[in-house]
Amino acid sequence: MHVLIKPVNGDILQRMGIERGSVGGGRLLGMSFRVVRVVGFGVVLAGLAGGQEPSAPADDAPKTTIQVQSQLVFVPTTVEAGKDILYELKASQFVVEDNGIPQKVRLDEDDESARPLSLVVAVQCSRSAVAEFDKLQGLPTMIDAITGDAPAEVAVIQFGTGEDLMTGFTRDVNVRDRALAKLTPCEDGGDNIFDAVDYANTLMEAHHATGRRAVLLISETRDHGSETKAETVIHELGKSNTVVDAVAFSPGRDEMVDDLHHGGGGGILSLLVMAVEAARKNAPKEFARLSGGEYINFATQKGFDQGMNTLSNHVHNFYMLSFVPRFPADMAGSGVAAPGLHKITVKIPDYPKATIRHRESYWAEKPGDAAAK
């Protein structure tokens, strides 16, 4: 029997009476357990078969602690054939590779409306945003379309050089809409996209968001003035389950690095370097691509409305794939993922011409790092 508790957090463990790094025998929720297994974004307590307690060990019996680390990687994926979304695909039809190594894939087939959603709406108020605010009047309606019938809680921030929290997470639509109505252009020379995404991710962690996590980022394409480094945001997004959906205004010409799509470079270092360079050139697009979100740009009111409609359609028609990284022993010793940024590819041999959008990377922790938090 397994009990899933999310997220991994030292305070939560302490409230449960479990010290960091301690996974000895004990009791929790009426079940005996002996193994704490760190699994990506949660902690799994492996119960004894049948829920029966073992006989008490002799006082002189050696006490052993078993700690197994494995990271559960979620890969939200949208599949289109032409302009039509493909439905009812099975897990066996997906080929997911981690750094080129095929993985065993699981497909979550729960109804989308049953998955609770925590959404941070982050809107730039500075620089060229001033000329775009009139186009955002329909934002409450668009957010309703994005959240759909799922249980949803929404936080709203606006940002320039710093972040203003208009409302923390709320399920009250009226509170949310009043916060959206307070969004206003600001006379600010900054466009701190890296800081804003980092702030949004921090809000998720502080709130202990346990369902789907998403950031709706509305901004320019280039960061100006963030204290947070691009590699830090890539690292944190890669560790978490947060998807960035990005809507960029007045994008001009996108200058993107496409090597990740075509297998350019070699090794983890070059993978991270390319991601950082791409984020510096177009932060919203790169964060969306890496996390499995949608990227849309617009220059007109019609373009904004159409883009948001496309986004909401994709949000409700995706496959939630997942895998626990496994590698040949000669590649990673124990078979776990080597620490650092990993490249994810998704293929569907039955539909070789399909357009597949999916999370394209994750960050593997060093052994012991996740357990230490």
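Predicted model: local features only at pLDDT ≥ 70, side-chain atom pairs only at ≥ 80, totals over all residues.
1. **The whole chain.** The protein chain has nine helices and 20 strands. It runs to 373 residues, and 51% of them count as buried. Now take the contacts with a separation of 6 or more: residues 24 or more positions apart account for 79% of them. Keep that figure in mind when you get to the residue pairs further down.

2. **Helix 4 and helix 5.** Find helix 4 at residues 193–207 and helix 5 at residues 230–239. How do you describe a pair like this? Two packed helices are described by the angle between their axes and the distance between the axes. Here the axes come within 9 Å and cross at roughly 30°. Angles under 35 degrees count as roughly parallel, and helix 4 and helix 5 are therefore roughly parallel to each other. Their crossing is left-handed. On the helix 4 side, the contact uses Phe194, Val197, Asp198 and Asn201, and helix 5 brings Ala230, Val233, Glu236 and Leu237. Sorted by class, this contact of helix 4 with helix 5 has five nonpolar, one polar and two charged residues.

3. **Helix 4 and helix 7.** Stay on helix 4, but look at another partner. The axes of helix 4 and helix 7 come within 10 Å, crossing at roughly 35°. This crossing is right-handed. Ile193, Phe194 and Val197 of helix 4 meet Ala283, Pro284 and Phe287 of helix 7. Which classes of residue make up the contact of helix 4 with helix 7? The count is six nonpolar, no polar and no charged. Notice that Phe194 and Val197 turn up in the contact with helix 5 and also in the one with helix 7.

4. **Phe194 and Phe287.** A search of the whole structure finds three aromatic pairs. One of them joins Phe194 and Phe287: the ring centres are 5.8 Å apart, the planes are 65° apart, and the pair is edge-to-face. Why is this pair worth a look? Phe194 belongs to helix 4 and Phe287 to helix 7 (residues 283–291), so the pair ties together parts that are 93 residues apart in sequence. Both Phe194 and Phe287 are buried.

5. **Phe323 and Tyr362.** Here is another aromatic pair to click on. The rings of Phe323 and Tyr362 have centres 6.1 Å apart and planes at 80°, so this pair is edge-to-face. The setting is strands: Phe323 lies in strand 17 (residues 319–323) and Tyr362 in strand 20 (residues 361–364), so the pair ties together parts that are 39 residues apart in sequence. Is Phe323 buried or exposed? Phe323 is buried, and Tyr362 is buried as well.

6. **Helix 2 and helix 3.** Helix 2 covers residues 139–147, and helix 3 covers 173–181. Their axes come within 10 Å and cross at roughly 135°. That angle makes helix 2 oblique to helix 3. The crossing is right-handed. Leu139, Pro140, Ile143 and Asp144 of helix 2 are in contact with Arg176, Asp177 and Leu180 of helix 3. By class, the contact of helix 2 with helix 3 divides into four nonpolar, no polar and three charged residues.

7. **Gly190.** Between helix 3 and helix 4 there is a loop, and Gly190 sits in it. Gly190 is buried, with a relative accessible area of 5%. What does Gly190 touch, once you leave aside its neighbours within four places in sequence? The list is Ser126, Arg127, Gly160, Thr161 and His224. Gly160 is 30 residues from Gly190 in sequence, yet their C-alpha atoms are 5.0 Å apart in space.

8. **Thr167.** Next, a residue in a strand: Thr167 is part of strand 13 (residues 163–170). Its relative accessible area is 12%, and it is buried. Not counting residues up to four places away in sequence, Thr167 touches Val154, Ala155, Val156, Val175 and Ala179.

9. **Arg357.** Last stop: Arg357, in strand 19 (residues 355–358). With a relative accessible area of 31%, Arg357 is partly exposed. How far apart are the C-alpha atoms of Arg357 and Val75? They are separated by 9.8 Å, while the two residues are 282 residues apart along the chain.

Methods:
Residues numbered from 1 in each chain as written. Heavy atoms only, no water. Axes fitted to C-alpha atoms, helices over the stretch in contact; angles between N-to-C directions. Helix = DSSP H or I, 4+ residues; strand = E, 2+ residues; numbered from the N terminus. Parallel < 35°, antiparallel > 145°, perpendicular 65-115°, else oblique. Left-handed = near helix turned anticlockwise from the far one by under 90°. Contact = heavy atoms within 4.5 Å. Nonpolar A, V, L, I, M, F, W, Y, C, P; charged D, E, K, R; others polar. Phe/Tyr/Trp six-rings, centres within 6.5 Å; stacked < 30°, edge-to-face > 60°. Buried < 20%, exposed > 50% of the residue type's maximum accessible area, 1.4 Å probe, protein only.
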